[in-house]
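Here is a short briefing on one protein model.

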Amino acid sequence: MKLVIAYIQPDRLNPVKQALYARSIFKISVTNALGCGQQRGYVQMWRGALEEVNLLKKVRCHCRQRRICREDH
């Protein structure tokens, strides 16, 4: 059995789900997460003060697939 954990942007969840469904992988768990990677956040103005946002919204996907291996002799 293989377990894949991926952190993706929320707007990319539907294409990822469709790709998994096309490969007959239906066991998916999705949770909301906050994190920063290569994006490193951004600076925004909020109520007259500059605020640095380091944690961006992410989606954590867990999917499992049982691999069936057949050996032909």
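Over how many bridges do E2 and strand E5 pair, and in which sense? E2 and E5 (residues 56–65) pair over eight bridges, in the antiparallel sense. The model is predicted: local features need pLDDT of at least 70, side-chain atom pairs count only at pLDDT 80 or more, and totals for chains, interfaces and linings use all residues. Residues are numbered from 1 along each chain as its sequence is written, and side-chain values use heavy atoms, with hydrogens and water left out.

**Sheet**
- Three strands form an open sheet in the order E1-E5-E2, with antiparallel pairing.
- Strands E1 (2–8) and E2 (28–35) are at the edges with a single partner strand each, so one side of each has no neighbour in the sheet.
- From one strand to the next, the twist averages 20°.
- Strands (E, at least two residues) and helices (H or I, at least four) are DSSP runs, numbered from the N terminus.
- Two strands pair if DSSP finds at least two bridges between them.

**Cysteines**
- Val30 has Cys61 of E5 as its bridge partner.
- Cys61 is buried, at 7% relative accessible area (buried means under 20%, with a 1.4 Å probe and protein chains only).
- Cys63 is also buried, at 12%.
- The sulfur of Cys61 has its closest cysteine sulfur in Cys63, 7.3 Å away, too far for a bond.
- The whole structure has zero disulfides (pairs of cysteine sulfur atoms within 2.5 Å).

**Confidence**
- The protein chain averages a pLDDT of 82 (the predictor's confidence in each residue, from 0 to 100).
- A score of at least 70 is reached by 89% of the residues.

Note on methods:
Axes fitted to C-alpha atoms, helices over the stretch in contact; angles between N-to-C directions. Buried < 20%, exposed > 50% of the residue type's maximum accessible area, 1.4 Å probe, protein only.
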